[in-house]
Amino acid sequence: NYDQENRKPPKKGLETPAPFRVEPDEITRDVIKMVDKQFTNHFGTTDDFWFGVSADDAQRALSRFIQDALPLFGDFQDAMVADEPFMFHSLLGMYINIGFLDPIDVCRQVQNAYEEGDAPLNAVEGFIRQIIGWREFVRGIYWREGEDYTERNFFNAKLPLPEFYWSAETDMACIRASVEQTRDEAYAHHIQRLMVTGAFALIAGIEPKDVHEWYLAVYADAYEWVEAPNVIGMALFADGGVLGSKPYAASGAYINRMSNYCSGCSYNVNHKTEEDACPFNALYWDFLIRNEKKLKSNPRLSRIYQNWARMGEDKQAAYRKRARSVLKKLQAGERV
């Protein structure tokens with residue numbers, strides 16, 4: 001695969017294309033009025049609704065993606081930029097999952113762009129693998145694992161879902177941006193879901209079913225067969241390794257490398273244990289130590305545990321103390 005070519009951090013002056021937008025027709029406007037009346041207190045907004053509502057709309061959205069965004073999709077598919085919710089992503093998941101687009105036809109049209117010299121191989125391979133190599137894989141996991149899959153809780157995580165997953169009222173710029181975007185657009189791309197809102201839920205020890213139900217409620221492309229394996233298995237490792245070979249825990253360094261969120265954050269991503277240190281930093285190590293008995297034998301984590309052992313007791317204690325402070329605030333419902 002071409003993952004090594006597809007992990008470029010964002011760069012200054014990067015111009016991103018606008019997604020294909022549809023002006024609501026009369027039926028859509030009537031539905032918007034009904035939703036506004038019946039669901040006034042629900043998360044999300046119908047302001048500036050622009051999703052397509054037909055197979056023709058979806059095909060035009062696919063054509064726009066191939067023309068405008070696919071060439072740079074691969075390079076920046078993991079990058080995150082404040083106030084750039086879509087980057088070079090296709091936003092086709094909702095159309096594929098609802099049945100407006102045939103996934104294999106989407107792949108063939110993207111492959112054709114490569115064959116005609118309109119898109120590079122790393123972009124085309126990365127996109128097609130997300131559909132054939134991942135979407136179909138998680139579909140198989142969901143149906144094989146059965147009805148109890150969404151009840152899995154490998155780490156016995158018990159923390160209730162923090163209110164800021166609904167309100168975006170947090171001092172963590174990455175979480176705030178991702179939740180605000182989710183509220184406004186019913187969309188966040190895979191790295192925001194996996195490495196921001198998902199990774200925080202993992203390292204903080206949030207109840208997996210709470211997280212699963214949040215993802216299911218807030219995203220336009222979220223159908224349980226595709227959402228549950230991505231959340232329960234990929235983001236939270238709550239299935240104990242059925243879907244993935246290691247938990248995707250990360251400190252603030254990853255977010256800082258792949259985004260510009262940290263430059264505008266109240267926390268200092270370079271601080272590790274101080275009061276203003278990014279909460280991801282201490283929670284990352286605390287998560288690994290809380291779950292050492294279950295994870296230390298994982299070959300993909302052995303070097304990380306070796307790094308922990310080399311830190312020294314004082315540094316280890318400082319990380320655990322900072323993590324306890326953050327967790328205490330989360331448990332009390334205080335602002336973090």
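User: How do the axes of H2 and H5 cross?
Analyst: In this predicted model, the axes of helix H2 (residues 55–73) and helix H5 (residues 121–145) come within 7 Å and cross at roughly 105°. H2 is therefore roughly perpendicular to H5, because angles of 65 to 115 degrees are classed that way.

User: Which residues meet there?
Analyst: From H2, Phe65, Leu70, Pro71 and Phe73 are in contact with Ala123, Val124, Gly126, Phe127 and Gln130 of H5. By type, the contact of H2 with H5 has seven nonpolar residues, two polar and no charged.

User: Arg60 next. Where does it sit, and is it buried or partly exposed?
Analyst: Arg60 belongs to helix H2. Its relative accessibility is 42%, so Arg60 counts as partly exposed.

User: What does its side chain contact?
Analyst: The Arg60 side chain forms a polar contact with the side chain of Asp57, at 2.5 Å.

User: And how far is Arg60 from Asp148?
Analyst: The C-alpha atoms of Arg60 and Asp148 lie 38 Å apart in space, with a separation of 88 residues in sequence.

User: Changing topic: which residues of the largest nonpolar core touch the most other members?
Analyst: They are Ile175, Phe200, Ile206, Phe280 and Leu330, in a core of 72 residues. Helix H8 (residues 190–204) supplies the largest share of this core, with ten residues.

User: What does Leu330 touch?
Analyst: Leaving aside residues up to four places away in sequence, Leu330 touches Leu159, Pro162, Phe164, Phe200, Ala204 and Val336. Another core, of 36 residues, lies apart from the largest one and includes Leu14, Ala61, Ile66 and Phe86.

Technical notes: Residues are numbered from 1 along each chain as its sequence is written. This is a predicted model: local features need pLDDT of at least 70, side-chain atom pairs count only at pLDDT 80 or more; totals for chains, interfaces and linings use all residues. Side-chain values use heavy atoms; hydrogens and water are left out. A nonpolar core is a set of buried Ala, Val, Leu, Ile, Met, Phe, Trp, Tyr and Cys residues joined through side-chain atoms within 4.5 Å. Buried means under 20% relative accessible area, exposed over 50%, partly exposed in between (1.4 Å probe, protein chains only). Helices (H or I, at least four residues) and strands (E, at least two) are DSSP runs, numbered from the N terminus. Contact means heavy atoms within 4.5 Å. Axes are lines fitted to C-alpha atoms, for helices over the stretch in contact, and angles run from 0 to 180 degrees between N-to-C directions. Angles under 35 degrees count as roughly parallel, over 145 as roughly antiparallel, 65 to 115 as roughly perpendicular and the rest as oblique. Ala, Val, Leu, Ile, Met, Phe, Trp, Tyr, Cys and Pro count as nonpolar, Asp, Glu, Lys and Arg as charged, and the others, Gly among them, as polar. A polar contact is a pair of N or O atoms within 3.5 Å; within protein, one must be able to donate a hydrogen and the other to accept it, and residues adjacent in sequence count only if both atoms are side-chain atoms.
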